[in-house]
Amino acid sequence: MFMSLPLSSQKWLTNCVQPLISILCCLVFLMFDLLDSVFCVIYGYLDKLIEGEALPCCCSNWERQKRRMNVTDDDMSDSLYERRNIFREMGFLRYERKREDSNTNFDKGSARSVNRWSDCGCDSCLSWVNDGSEYKLHFVVKEPLLVTGENFKGKPSENVIFLHGFLCSSSFWTETVFPYFSEKTNHEYRLIGIDLLGFGKSPKPRDCSYTLQDHVEMIEKSVVLPLEMTTFHLVAHSMGCIIALALAAKYPKNVKSITLVAPPYTSSEGDACLNALSMLAGKKLWSPLSFGSSFMSWYEHLGRTVCLVYCRNHRIWESILKFITRRRDLHFLTTDMTRHTHHSAWSSMHNVLCGGAKFVDSYLIILTRVGVRINVIQGEKDQVVPMECCSKFELKAPNAEINIIPNADHGTVLFGREKEFALSLEHIWESCC
């Protein structure tokens with residue numbers, strides 16, 4: 001029979017182990033710092049060899065200096081250039097690249113390939129490429145039944161825009177919540193699930209910075225204006241919450257309600273972008289999800305290597321998974337994990353999740369002043385977006401309605417409770433009528 005250690009012994013053991021874990025963490029990420037610097041050089045030469053030019057990266061000290069002099073676009077996140085890497089700061093193995101001017105004018109043709117050599121070029125991944133017309137987002141529309149039904153009485157339908165989170169697509173909503181809406185909602189609401197710029201089946205242009213402005217303008221051009229939306233509700237998860245707030249702040253008198261699921265809110269005070277990076281993707285060895293987030297968010301070239309091996313060869317990996325699981329179709333979350341380029345994911349992570357921290361407070365001021373109803377749904381055990389984010393959000397938006405889901409994490413705040421979630425959305429929409 002095992003005897004438990006006295007409380008004092010447990011504290012002593014914890015105090016001894018904690019420094020060892022911290023030292024191990026420092027050593028592991030120090031090694032990653034070195035490897036990322038090495039791979040910066042490797043990709044520089046490979047890019048020049050294969051494409052004729054070294055693709056721009058965020059390792060240039062000159063770029064960091066320009067940002068300090070405020071000569072770059074304010075929409076760009078400080079976390080792109082100010083991430084600490086001791087070897088880069090020492091100039092060790094530095095490979096200077098001349099960064100091309102990034103802009104959002106990616107509707108025009110270019111002599112270069114639409115994708116980088118390290119990205120997948122299959123028909124599915126390039127389905128957004130067309131014959132010169134303007135790129136627009138892919139979205140799924142579930143039209144209200146009253147449009148074609150016999151009981152149509154001329155009542156205009158309500159619009160609801162659904163925005164997914166990081167490394168997901170519109171399937172996050174269409175495969176989960178959409179089937180559980182009531183008959184009344186299906187008759188009176190037009191539901192629009194959007195693939196955000198750079199994800200799913202939407203365009204993934206290589207010459208785009210994937211800033212908040214880029215995302216909002218593409219939603220405007222692809223959905224809001226073509227569908228002639230005079231009013232609409234917004235529902236968003238994780239990274240999509242930042243984009244939803246930016247869109248709502250631009251159309252505060254048109255938005256009837258905003259439902260934010262696990263909003264990654266951090267304060268805009270101090271070094272907002274770097275604080276957001278540390279909170280949402282701090283350098284941690286545990287849990288595996290936290291380690292993966294930090295690895296992909298801090299190391300541009302190591303992350304590109306992961307995408308080169310996994311995303312570029314997604315058809316092979318998907319075939320292997322189908323063979324192992326004996327399933328004809330994989331879960332949508334599995335396939336969505338590869339439906340992006342490294343550039344679109346890396347830039348969105350920093351310019352939206354981290355860079356958005358500079359603007360969210362101003363968005364909330366606008367929405368609070370106009371009186372837009374804001375609802376927050378947060379999982380109690382969310383490790384990706386911790387409860388601290390929700391607490392800070394409540395302080396900045398005291399009129400927001402907060403709903404904490406017991407024992408739910410970043411995914412199970414929705415998965416496993418789709419019917420309950422759909423019902424709560426219906427109550428929110430009805431109360432705004």
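1. A polar contact is a pair of N or O atoms within 3.5 Å; within protein, one must be able to donate a hydrogen and the other to accept it, and residues adjacent in sequence count only if both atoms are side-chain atoms. Here, the side chains of His410 and Asp382 are joined by such a contact of 2.8 Å. His410 has a relative accessibility of 15%, so it counts as buried (under 20% relative accessible area, with exposed over 50% and partly exposed in between; 1.4 Å probe, protein chains only). You will find His410 in the loop between strand 7 (401-405) and helix 17.

2. A word on the ground rules: this is a predicted model, where local features need pLDDT of at least 70 and side-chain atom pairs count only at pLDDT 80 or more, while totals for chains, interfaces and linings use all residues. Residues are numbered from 1 along each chain as its sequence is written, and side-chain values use heavy atoms, with hydrogens and water left out.

3. Now to the aromatic rings. The structure holds 27 aromatic pairs (rings of Phe, Tyr and Trp, the last by its six-membered ring, with centres within 6.5 Å; planes under 30 degrees apart are stacked, over 60 edge-to-face, the rest tilted). Trp173 and Phe421 make a tilted pair, 6.0 Å centre to centre with 35 degrees between the planes. Trp173 lies in helix 5 (residues 171-174) and Phe421 in helix 17 (residues 418-431), so this pair ties together parts 248 residues apart in sequence. Helices are DSSP runs of H or I with at least four residues, strands runs of E with at least two, numbered from the N terminus. Both Trp173 and Phe421 are buried.

4. Tyr265 and Phe393 pair edge-to-face, at 5.7 Å centre to centre and 90 degrees between the planes. Tyr265 sits in the loop between strand 5 (255-261) and helix 9, and Phe393 in helix 16 (residues 387-396), so the pair links parts that are 128 residues apart in sequence. Tyr265 and Phe393 are both buried.

5. One aromatic cluster is also worth a look: its members include Phe162, Phe172, Trp173, Tyr189, Phe421 and Trp429.

6. Two charges sit over rings (NZ of Lys or CZ of Arg within 6 Å of the ring centre and within 35 degrees of the ring normal). The charged end of Lys283 is 4.5 Å from the centre of the Trp298 ring, and that of Arg326 is 4.6 Å from the centre of the Phe323 ring.
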